[in-house]
Amino acid sequence: MCTVGGPMADVKLKKLKTKRYKCLDCGNEFKGLGKRVVCPSCQSDNVECLE
């Protein structure tokens, strides 16, 4: 099953190489992965990697 923008039900995030990000628009800190990371709170792509 392929989902876009939805939860990844069968993937365990602890096994993936996630990075910490901070949204520069709303200040939310979150874990993400991929080439185009977006904030889960405000959907902005104005994020900075904290690692």
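Here are a few friendly notes on the structure above.

1. This is a predicted model, in which local features need pLDDT of at least 70 and side-chain atom pairs count only at pLDDT 80 or more, while totals for chains, interfaces and linings use all residues. Residues are numbered from 1 along each chain as its sequence is written, and side-chain values use heavy atoms, with hydrogens and water left out.

2. On confidence, pLDDT scores each residue from 0 to 100. The protein chain has a mean pLDDT of 83, with 73% of its residues at 70 or more. Strands here are DSSP runs of E, at least two residues long, numbered from the N terminus.

3. The structure holds one aromatic pair (ring centres within 6.5 Å). Y21 and F30 have ring centres 6.0 Å apart and planes at 25 degrees, so the pair is stacked (planes under 30 degrees apart). Both Y21 and F30 are buried, meaning under 20% relative accessible area with a 1.4 Å probe, protein chains only.

4. Y21 and F30 also belong to the largest nonpolar core, whose five residues include C23, V37 and C39 as well. Such a core is a set of buried Ala, Val, Leu, Ile, Met, Phe, Trp, Tyr and Cys residues joined through side-chain atoms within 4.5 Å. Leaving aside residues up to four places away in sequence, V37 touches Y21, F30, G32, S44, D45 and V47 (heavy atoms within 4.5 Å).

5. Do look at G27, in the loop between β1 (19-23) and β2 (29-32). G27 is partly exposed because its relative accessibility is 38%, between the buried limit of 20% and the exposed limit of 50%. Its C-alpha atom is 9.4 Å from that of C39, twelve residues away along the chain.

Note on methods
Helices (H or I, at least four residues) and strands (E, at least two) are DSSP runs, numbered from the N terminus. Rings of Phe, Tyr and Trp (its six-membered ring) pair if their centres lie within 6.5 Å; planes under 30 degrees apart count as stacked, over 60 as edge-to-face and the rest as tilted. pLDDT is the predictor's confidence in each residue, from 0 to 100.
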